[in-house]
Amino acid sequence: MLSTEGFCSVGAEDSSDKSSAVYYYDALKYPCPPNLSIWWNMGSMLFLILGAQILTGILLTMNYTADEQLAVMSVDYIMRDANYGWIIRSLHMGGASMFFALIYMHIARGVYFGAYLKNPHVWYSGLTLYLLSMGVGFLGYVLPWGVMSYWGLTVITNMMTVIPGGARALDWFQGGFVITTVTLKRVFVLHFLLPFVILGFSLAHVLLLHMNGSSNPLGLDETNFSVPFHPYYSIKDLAGFALLLAGLVGMTFTFASLTADPLQWQPINKMKTPAVIKPEWYFLYAYAILRSIPHKAGGVFTMFAAIVGIAVFPMISGSEKFQSMKVCPPARLMFVIWAANFMFLTVIGAQEPAGGWVLAGQFGTILHLSMLVMIPMIKAEWESWLYAYIQPEKKDLVMSV
Ligand code: HEM
């Protein structure tokens, strides 16, 4: 039988005397539910990728030059001449894609298994991490100074103009009325610094999680039945690391430019706007939403609402006894629709915004926003309905347990 002995203790030295209690925190003994599935591996994998991104990023910095005239040449130097430069850059590019793939799976896990119900504060710190990561991902795309870098920066920074005083703020950020070397230097500094902020926030994210404990695939409270993190989940996380590194290295050596836009290899032409301006795949769903509204401020507002919309999950939900969707078929159906629609929007975001694609984008936008509200609502409703259906006469009794 698994024992719960030796977990994080309060008053471990002298538990009889509360005033001299020694509080200590031992992450290795952190009590975990015994039934955590592979979906609980994503968090530690995110940490690993974050570390790899910081390391490869620092190495790239040693040869990169943030200057309009020199950026393309310095990237070329990294790819052709610097020792193992192409490997380091490919790892960094592939790592960014993997980081976002993991974040999306991590968020989907939270939604499906209702982790936001048990840990709303972890959910909100996670949302902050997602926003910061989006910032870093976007800034990184600007650095190679290819066609998409320049036009992507133009589109996204111009979103600032929809807020009062935004035009002034844009000039201030650009360091002038147009994008120049000054802008590129600022982008580079932010891209270098923000990952360390993300690292700090990630540690806070996990500390917050450890205050309340992990949820689990069943979504039932299992605080009285737990196993220590080490060795049970330290081993499992290591297995996850091996898989992740194999995937990353495999991707780097076989499809090094898989996620890169071919236009990124062309030098900037400030006089010629490309027919389709698009970001990396991991922002395409948001980009599709931005373009589906035929009004600048409306589009920016809707896109922002669609991104931070997951913040409503803990607010809408009630005091469900079952956190997981496993016991709620209607919510599961909606979850599948939501996830499929995310992929649908990703495809739409890469198309020229004309004809049927615009209509499809509008349909996808409405579906995405309505699912954000419907999923937690249906989940809460289903549970009260279930209790009422199974034991109508005992409903109040069960709900108050
Ligand atoms: C840099 C990005 C992130 C890192 C490094 C990170 C790391 C972690 C780690 C290590 C865990 C514990 C293991 C696990 O449950 O997978 C965790 C749990 C969690 N994360 Fe994140 N995370 C990140 C982003 C996010 C985002 C974007 C969200 C959602 C908006 C989020 C929400 C959660 C929640 C709700 C839990 C608790 C799960 C539970 O109750 O079991 N995280 N995170």
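Predicted model: local features only at pLDDT ≥ 70, side-chain atom pairs only at ≥ 80, totals over all residues.
**Stop 1: α1 against α8**

Select residues 42-61 for helix α1 and residues 181-212 for helix α8. Two packed helices are described by the angle between their axes and the distance between the axes. Here the angle is about 160 degrees, and the axes lie 11 Å apart. Angles over 145 degrees count as roughly antiparallel, so that is the label for α1 and α8. The crossing is left-handed.

Now show the side chains at the contact. On α1, pick F47, L50, Q53, I54, G57 and T61. On α8, pick F192, P195, I198, L199 and S202.

**Stop 2**

**Stop 3**

Step back to Y84, in the loop between α2 (71-80) and α3. Check its phi: the value is near 55 degrees, positive in a residue other than glycine. Most residues other than glycine have a negative phi, and most peptide bonds are trans. Is Y84 buried or exposed? Y84 counts as exposed, because it has 10 C-beta neighbours inside 10 Å and the cut-off for exposed is 12 or fewer.

**Stop 3: W145**

Go to the loop between α5 (120-142) and α6 (147-158) and select W145. W145 also has a positive phi, about 60 degrees, although it is not a glycine.

**Stop 4: G213**

Move to G213, in the loop between α8 and β2 (227-228). G213 has 17 C-beta neighbours inside 10 Å, so it counts as partly exposed.

**Stop 5: a cis peptide bond**

Select H230 and P231. The peptide bond from H230 to P231 is cis, with omega near 10 degrees. P231 sits in helix α9, residues 229-254.

**Stop 6: α11**

Finish at helix α11, the 13 residues 296-308. From first C-alpha to last, α11 reaches 19 Å, close to the expected 18 Å. Colour V300, T302, M303 and A306, which are buried. Look down the axis of α11: its buried residues fall within an arc of 165 degrees, so they line one face of the helix.

Note on methods. Residues numbered from 1 in each chain as written. Helix = DSSP H or I, 4+ residues; strand = E, 2+ residues; numbered from the N terminus. Expected span 1.5 Å × (residues − 1). Buried ≥ 20, exposed ≤ 12 C-beta atoms within 10 Å, placed from the backbone. Arc of directions from axis to C-beta. Axes fitted to C-alpha atoms, helices over the stretch in contact; angles between N-to-C directions. Parallel < 35°, antiparallel > 145°, perpendicular 65-115°, else oblique. Left-handed = near helix turned anticlockwise from the far one by under 90°. Contact = placed C-beta atoms within 7 Å.
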